[in-house]
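Please read it with the structure open alongside.

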Amino acid sequence: KRNLCRAHAPLLYSALTQWHVPVHVSRQLCPLFQIQHMPLGRSVQGAMNYARFLTAVSAARKPSAIRMLTELQLRSPPSLISLAGGAPNPNTFPFQSCSIQVKNGDTLMFDETMMKRALQYSASSGIPELLSWMKTLQKDLHNPPTANYTAENGQMDMCVTTGSQEGLSKVFEMLVNPGDNVLIDAPTYSGTLAALQPLGCNLVSVPSDQYGMIPKGLKEVLSRWDPADVHKPHSTIPRVLYTIPNGGNPTGASMTAQRKWEVYELARQYDLLIIEDDPYYFLQFDKPWAPTFLSMDVDGRIIRTDSFSKILSSGLRIGFVTGPKPLVDRVVLHIQASTMHTSTFTQLMVSQLLHRWGQQGFLNHIDEVIEFYRTQRDAMLSSADKWLKDVAEWHSPAAGMFLWMKLKGITDSQQLIMEKALEKEVLLVPGGVFMINSSDPCPYVRAAFSLSTPQQIDEAFKRLSALIKGAL
Ligand code: PMP
């Protein structure tokens, strides 16, 4: 208390939580650590009533008897003679074996036995070896206070999804009724809007800036309701908050730990579930990475979606949902009734690679990916400085693959991009695509620094500058 310098306290706190050292800060010392509330150690586990959050569609889902038998069979010894399940005989399939070369020189082998498994149906929650590898990673990275992935009645669980998009759309269908108020930090990912808007909900925009959702703004939005009404039958209080905490798509914004604590506290006050859509978690350029909502979740009110799209492959379609077991179970029931499971082949391919690499090898790979995107981001920032200084404004993104720019003097980027950009041979996404009301005029554009070379980025910004100046 006496020796801690004011400037060092927040750094120390952030480092300790990053290393999962349990930190208890008394209320009097919170200002010194630049934290206002400490949810740690005040767990109300078991207090959540998940039935309150489920839509009628989700509540009506029942386990498929055939799927349960298939999964039972998958876990049984080979001596079991099963005339149950309706799986086809893989001996009739035309594929025999394959080997996949990894860039580091390794080979992933799919011999005949492995190939038969890869081509067959598998568990709706994901293949066990991939799930258990991910559960360990999740625990090691986030150390969720309610984590107990193993016991049958454990508080948390995970499932594999066909990209995080599948997880998100199923989570939305599970939680969002027509007419519901849903909190969202817009502008936001167009794929989220595409999944949410047809559900007929009312998207309530929460103000955000380059550090993501603004807790004060959320508090103000929530002040329309009285938290005492949360459990009243026809209350219109939102039950769900959606956010992209790192490298926001399209804004590139990343939330600080302090903001997450504050948002989490408000979620507790209003009994909200938070959907933490974090596909750019592994693309954070600076370490230590900020603690996630999952790492703060003493109540079991976080549903987290992760993705391997940006770090292993987008085409393999591997994502994950992590959250309270009763809710993950509902997502799995929906998977049973739709895709049945994510491709066994791609799960086995990824799982073989991860087991070969081990966790450290995986994290080393992530470091290389981060280095690539950091260099790309820096190249884009320097080209932006060179060409766009007087015609646009932006913030440097701390994660992800997007630069979000406000065009000065342009009221609607849609018109500019759609009508003139192709003529100048440059293409960006007009900001309106990410707005709740996409027809409102919007001066922003999103530029991705993922695919183009620094030379192409430079040329593109030169063309964009000419385009804007021409329009002005
Ligand atoms: N959430 C966000 C914020 C995204 O940007 C994306 C991909 N663009 C997704 C989810 C979906 O990613 P995937 O399904 O490939 O995991």
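A residue is called buried here when its relative accessible area is under 20%, exposed when it is over 50%, and partly exposed in between. At 7% relative accessibility, Lys 170 therefore counts as buried. The model is predicted, and the points below are grouped by topic.

**Lys 170 and helix 6**

- Lys 170 belongs to helix 6, which spans residues 163–175, and its side chain is joined to that of Glu 166 by a polar contact of 2.8 Å.
- When residues up to four places away in sequence are not counted, Lys 170 touches Val 331, His 334, Ile 335 and Ser 338.
- Helix 6 also supplies the largest share of the shell around the ligand, namely four residues.

**Salt bridges**

- Side chains of opposite charge can pair when their charged atoms come close.
- With a side-chain nitrogen of Lys or Arg required to lie within 4 Å of a carboxyl oxygen of Asp or Glu, the count comes to 23 salt bridges.
- One of these pairs is Lys 135 with Asp 157, whose side chains meet at 3.2 Å, N to O; because Lys 135 lies in helix 5 (residues 128–142) and Asp 157 in strand 3 (residues 156–161), the pair ties together parts that are 22 residues apart in sequence.
- Both partners, Lys 135 and Asp 157, are buried.
- Asp 157 also forms a salt bridge with Lys 325, with the closest N and O atoms 3.5 Å apart; since Asp 157 is in strand 3 and Lys 325 in helix 11 (residues 325–337), this pair ties together parts that are 168 residues apart in sequence.
- Lys 325 is buried, as is Asp 157.
- Arg 304 and Asp 278 form a further salt bridge, in which the closest N and O atoms are 2.9 Å apart; the pair links distant parts of the chain, with Arg 304 in strand 10 (residues 302–307) and Asp 278 in the loop between strand 9 (273–277) and helix 10 (293–296), 26 residues apart.
- Arg 304 and Asp 278 are both buried.
- A network of salt bridges links Arg 52, Arg 268, Asp 271, Asp 299 and Arg 301.

- Strands of a sheet pair through backbone hydrogen bonds, either parallel or antiparallel.
- Strand 10 pairs with strand 9 in the parallel sense over four bridges, and Glu 276 stands opposite Arg 304 in this strand 10.
- Strand 10 is also joined by four bridges to strand 11 (residues 319–324), the two running antiparallel, and here Thr 305 stands opposite Val 321 in strand 11.

**Asp 306**

- Asp 306 lies in strand 10 and is buried, with a relative accessible area of 2%.
- Its side chain is joined to that of Gln 138 by a polar contact of 2.8 Å.
- With neighbours within four places in sequence left aside, Asp 306 is in contact with Gln 138, Ser 164, Asp 278, Gly 319, Phe 320 and Thr 322.

**Ligand surroundings**

- Of the 14 residues around the ligand, those that come nearest are Ser 164, Asp 277, Tyr 280, Ser 307 and Ser 309.
- Oxygen atoms of the ligand lie 2.7 Å from a polar side-chain atom of Tyr 280 and 2.6 Å from a polar side-chain atom of Ser 307.
- An N or O atom in the side chain of Lys 310 is 3.2 Å from a nitrogen atom of the ligand.
- The ligand has 400 Å² of accessible area on its own, of which the protein covers 91%.

- An open sheet of four strands has the order 12-13-15-14, with antiparallel pairing; its edge strands, strand 12 (392–394) and strand 14 (429–430), each pair on one side only.
- Within this sheet, strand 13 (residues 402–407) and strand 15 (residues 444–448) run antiparallel and are joined by five bridges, with Lys 406 standing opposite Tyr 444 in strand 15.

Definitions and conventions
Residues are numbered from 1 along each chain as its sequence is written. This is a predicted model: local features need pLDDT of at least 70, side-chain atom pairs count only at pLDDT 80 or more; totals for chains, interfaces and linings use all residues. Side-chain values use heavy atoms; hydrogens and water are left out. Buried means under 20% relative accessible area, exposed over 50%, partly exposed in between (1.4 Å probe, protein chains only). A polar contact is a pair of N or O atoms within 3.5 Å; within protein, one must be able to donate a hydrogen and the other to accept it, and residues adjacent in sequence count only if both atoms are side-chain atoms. Contact means heavy atoms within 4.5 Å. Two strands pair if DSSP finds at least two bridges between them. A residue is near a molecule or strand if one of its heavy atoms lies within 4 Å of it. Accessible areas come from the Shrake-Rupley method with a 1.4 Å probe; for residues, only the protein chains shown count as cover.
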